[in-house]
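Please look at the sequence and the structure as I bring them up, and keep both in view while I speak.

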There are 2 protein chains.
Amino acid sequence: MENLAIGIIGGGQLGRMLAMAASRLGFKVIVLDPMVDCPAAQLCSDHIVADYDDEAALEVLAQRTRIITYEFENVPVATAHFLEAKTTIFPPSRALEISQDRLTEKQFFARCSIPTVPYWQIDNKQDLHAALMESGGTGILKTRRLGYDGKGQHWFNSAVSEVDMSKAMEAINHAPAILEGFIDFACEISVLAARSQKGVVEYFDIPQNIHREGILRCSQVPASIDDIIADQARDYTQRLLEALDYVGVIAVEFFVTKDGGLIANEFAPRVHNSGHWSEAVCCVSQFDQHIRAITGLTLVRPQRHGDCVMENLIGEDVAKLPELLGQENVLIHLYGKHEVRAGRKMGHFTRIF
Amino acid sequence: MENLAIGIIGGGQLGRMLAMAASRLGFKVIVLDPMVDCPAAQLCSDHIVADYDDEAALEVLAQRTRIITYEFENVPVATAHFLEAKTTIFPPSRALEISQDRLTEKQFFARCSIPTVPYWQIDNKQDLHAALMESGGTGILKTRRLGYDGKGQHWFNSAVSEVDMSKAMEAINHAPAILEGFIDFACEISVLAARSQKGVVEYFDIPQNIHREGILRCSQVPASIDDIIADQARDYTQRLLEALDYVGVIAVEFFVTKDGGLIANEFAPRVHNSGHWSEAVCCVSQFDQHIRAITGLTLVRPQRHGDCVMENLIGEDVAKLPELLGQENVLIHLYGKHEVRAGRKMGHFTRIF
């Protein structure tokens, strides 16, 4: 087996876990991240400390690796294009580009005949006014770009005044936005799937996710959904994978409505927090499967050896560690972050039943 | 949780897997190994390239870490003593010292009332002659020090001439040795246990091991032994752990005789090849448990989620990889070694049933 080097753009916890998986498969890893002490830095052969748009650094990364991937969806599209001209980058830049803009993402879902929540394009206060008239005064105003973990969002829970609208537009700095209508859902699920370079698709079992304050708190497997819904969710995901000519692991978040319908929320062109449980109960985790897909290795059906719940350790949650360390059937995974900050993902654990 | 750094002496595959486990528990790792491109180098915060007896380098390692451990039992005892005077090193140097010499190891087993194979101290050809007279002409001549994976051994399968004896003594370079009598065993097992700084002991389920040409080929869990034998093996192991005031993971190899007796073969004061399966079917692997023990964290009873067989990929066995990658329920772990050599451990895989 040749010792192929893999480049990873972004050295957060996802890059760190990808680096571990790549190592277990015998690959060397070079991470590019501007932070000297990023979580992945401790677990790679080499770390190029540079900004994501530093072309000289990207050039070095391309020269020293055979395949490049990324761990977050806000890698500049120009970076992906720059690399694409020189080397192989998976998932394809088109997936990155579409997922970076909530409007194009929703339009792409529609093109694949995948239902989404009602939404309105918001470029100014007039648009917001008109949209809120239609939505009945409620909805979530979200910037089209760069929001994550509940940041860059504004909730309208009841009819609002012009002043409130102005404040909301100011709060998002008048950035291009969309208003998403509320929907009444029974639960949230995500489909984690991998597509190989040859177009083979394999699915992980579907987790049910619980968010709080816009951040994923826990994922439970299996989800409490019936097979028809699960099949439908996989079918939607497959359409998306094929339309994108995707290679790698993808995560597609869905709302399950009370009448058993499915509504796509968003997709992430990368490994995903809601798939972390796979390292505890599958021989092939989402990280392994992603590395297999991008390097052209065989994908495998990821069998699950137990029911489980993955829970994030966010900020002061790390205080639970001494107790968790004493519990059987709990796999603990910390990210090596020194500083505990509110809302910061410090680690996670998976409890197997 | 403070970001405590752990030093590991030795950067082979065991150091590499210890480094991964330490990272998952949020620790930084600094490895000391003379080989620039050793397997652990790719998975640690820092790698001090130095010989194991380089005191200046050891001094740096001690200053930059809070706890030091090792991944192989041939770390010079002088190195352990040097470090002990400056910092904390686990397992204790006494375990290292005893395990490095097959004679003192056997004597120590005897002190703990743990049965061993019959053995004779061999310092010269006369000793060998006398020993072979007593053993009936058969046995294995082993150097007291530095043998592993079947190296430094000479087998006497039938009565031999003086010339054969001279050749055998020459083959081991007249090094101090022992002759071990053959025993007729039903199977080989190993006890993997961890002892904490507070003296708490936790056991992994006992694997049954198959060796070929002195190298471990596979470990199957559970072993085909009854509970009485398993309890006896754990009891012997506990005596050893307590006599050594041990901290960390230990592996004790036993022969199970055809009449249901147990004979200790040797112990390794470290994580062990016959415990690799634990990463596939336990929330807390032998690597996790070792890191917990040496850093003062709580040990946990390592529950096993399935029956399994771990098999080593030795030398050209890596040719099996394409097939293995396509099999469900197989966890593959490669060590990032570039060059395939006969007898070289390139990786392992665990098949879950």
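I begin with chain B, where strand S10 (residues 185–195) and strand S12 (residues 208–212) pair in the antiparallel sense over two bridges. Strands here are DSSP runs of E of at least two residues, helices are runs of H or I of at least four, and both are numbered from the N terminus; two strands pair if DSSP finds at least two bridges between them. Within S12(B), B:Gln208 is the bridge partner of B:Ile189.

Before I continue, a word on the source: this is a predicted model, in which local features need pLDDT of at least 70 and side-chain atom pairs count only at pLDDT 80 or more, while totals for chains, interfaces and linings use all residues. Residues are numbered from 1 along each chain as its sequence is written, chains are lettered from A and ligands numbered from 1 in the order in which they are written, and side-chain values use heavy atoms, with hydrogens and water left out.

Returning to chain B, S12(B) also pairs with strand S13 (residues 215–221), in the antiparallel sense and over five bridges. There, B:Ile215 of S13(B) is the bridge partner of B:Arg212. S12(B) and S13(B) form a hairpin with two residues between them, and B:Glu213 in the turn has a positive phi of about 55°.

Another antiparallel pairing in chain B joins strand S6 (residues 119–122) to strand S9 (residues 177–180), over four bridges. In S9(B), B:Ile178 is the bridge partner of B:Gln121. Which residues of S6(B) belong to the covered face, and which to the uncovered one? B:Trp120 and B:Ile122 make up the covered face, and B:Tyr119 and B:Gln121 the uncovered one.

Let us turn to chain A and helix H2 (residues 55–64), whose buried residues are A:Ala57, A:Leu58, A:Leu61 and A:Ala62. Seen down the axis of H2(A), these fall within an arc of 140°, so they line one face of the helix; the arc is that of the directions from the helix axis to the C-beta atoms. Buried means under 20% relative accessible area, exposed over 50%, and partly exposed in between, with a 1.4 Å probe and protein chains only. On the other side of H2(A), A:Ala56 and A:Gln63 are exposed. The cover over the buried residues includes strands S1 (5–9), S2 (28–32), S3 (46–48) and S4 (67–70), together with helix H3 (77–84), of chain A; contact means heavy atoms within 4.5 Å.

Next, the aromatic rings. A search of the whole structure finds twelve aromatic pairs over all chains. Rings of Phe, Tyr and Trp (its six-membered ring) pair if their centres lie within 6.5 Å; planes under 30 degrees apart count as stacked, over 60 as edge-to-face and the rest as tilted. One of the pairs, A:Phe109 with A:Phe267, is edge-to-face, at 6.0 Å centre to centre and 85° between the planes. A:Phe109 lies in helix H5 (residues 102–111) and A:Phe267 in strand S15 (residues 262–268) of chain A, 158 residues apart. Both A:Phe109 and A:Phe267 are buried.

Finally, how are the two chains related? Chain B can be laid on chain A with an RMSD of 0.0 Å by a turn of 180° and a shift of 0.0 Å along the axis. That is the relation of a two-fold axis. The superposition is by least squares on the C-alpha atoms of residues with pLDDT of at least 70 in both copies.
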